Amino acid sequence: MKNTCIKAQEFFNKKLFAMLDKKLHLSTLRAPKFLPFLKQIIFLKKMTIEMTLSIIKPDATDRNLTGKINAKFEEAGLKIVAQKRMQLSDAMAGEFYSVHKARPFYNDLVKFMTSGPVVVQVLKGENAVLKNREIMGATNPANADAGTIRKEFALSIEANSVHGSDSLENAQNEIAYFFAGYEIIA
């Protein structure tokens, strides 16, 4: 159900732009009055409005950094369209990070993510997945650029204050893990 809403929106957008392309192509051949409309549609097609998942991790919530971290997202043009403060259980964290199950840090990651409350949220904006990753900075705070969340707030490579989806496909799956479609006020 959750993925259906996202997929329906993507389908609608593709169909809408396909219909507009056909009409515009036929209409604009010799009709300069449609040129501003065409430019607007081309601009809209270049903008990719996306949603991505962000988690403010226990090390950051423990230090009351939620507001400062969210200010960075908002200053960069991302909008928070859903948000929950919650305590992850071992089962929830284990399932969410199951992609890392075979890796040596998996158990420590699950233990850390259940050590205190987290804030899970959906960010929306132009190229939100990439923009969120840029704002977060490198996973290892020692390698993060100045001004990024991890450079400013992370305590270590594990306690690095934030999680963010690494692709649009993962963003859709991660959002659906924590939020029902009706909880996202886009």
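View 1. A salt bridge here is a side-chain nitrogen of Lys or Arg within 4 Å of a carboxyl oxygen of Asp or Glu. What does the side chain of Glu-50 reach at 3.1 Å? One such atom is the backbone nitrogen of Ala-128, and the backbone nitrogen of Val-129 also lies 3.1 Å from a polar atom of the Glu-50 side chain. These are polar contacts, that is, pairs of N or O atoms within 3.5 Å; within protein, one must be able to donate a hydrogen and the other to accept it, and residues adjacent in sequence count only if both atoms are side-chain atoms. Leaving aside residues up to four places away in sequence, Glu-50 touches Leu-123, Lys-124, Gly-125, Asn-127, Ala-128, Val-129 and Leu-168, where contact means heavy atoms within 4.5 Å.

A word on how to read these views: residues are numbered from 1 along each chain as its sequence is written, and side-chain values use heavy atoms, with hydrogens and water left out. Because the model is predicted, local features need pLDDT of at least 70 and side-chain atom pairs count only at pLDDT 80 or more, whereas totals for chains, interfaces and linings use all residues.

**View 2. Strand β1 and its two partners.** Glu-50 sits in strand β1, residues 49-56; strands (E, at least two residues) and helices (H or I, at least four) are DSSP runs, numbered from the N terminus. Six of the eight residues of β1 are buried, so the strand is largely enclosed by the rest of the structure. Eight bridges join β1 to β3, and the two run antiparallel; strands pair if DSSP finds at least two bridges between them. With β4, strand β1 pairs in the antiparallel sense over three bridges, and here Ser-54 stands opposite Gly-164.

View 3. Four strands line up in the order β2-β3-β1-β4, with antiparallel pairing, to form an open sheet. Which strands stand at the edges? They are β2 (79-86) and β4 (162-164), each with a single partner strand, so one side of each has no neighbour in the sheet. From one strand to the next, the twist averages 20 degrees. Helix α9 (residues 168-178) packs on the sheet and touches β1, β2, β3 and β4, its direction making about 60 degrees with that of β1; axes are lines fitted to C-alpha atoms, for helices over the stretch in contact, and angles run from 0 to 180 degrees between N-to-C directions.

**View 4. Lys-84, in a strand pair and a salt bridge.** Strand β2 is joined to β3 (residues 118-126) by seven bridges, and the two run antiparallel. In β3, Val-120 is the bridge partner of Lys-84. The side chain of Lys-84 also meets that of Glu-183 in a salt bridge, 3.4 Å from N to O. Lys-84 lies in β2 and Glu-183 in the segment after α9, so the pair ties together parts that are 99 residues apart in sequence. Lys-84 is partly exposed at 25% relative accessible area, and Glu-183 is partly exposed at 27%.

**View 5. Two further salt bridges.** The count of salt bridges comes to three. The side chains of Glu-152 and Lys-72 meet at 3.0 Å, N to O. Glu-152 lies in helix α8 and Lys-72 in helix α4 (residues 66-75), so this pair ties together parts that are 80 residues apart in sequence. Glu-152 counts as partly exposed at 43% relative accessibility, whereas Lys-72 counts as buried at 17%. Arg-63 forms a salt bridge with Asp-59, the closest N and O atoms being 3.1 Å apart. Arg-63 is partly exposed at 32% relative accessibility, while Asp-59 is buried at 6%.

Note on methods:
Buried < 20%, exposed > 50% of the residue type's maximum accessible area, 1.4 Å probe, protein only.
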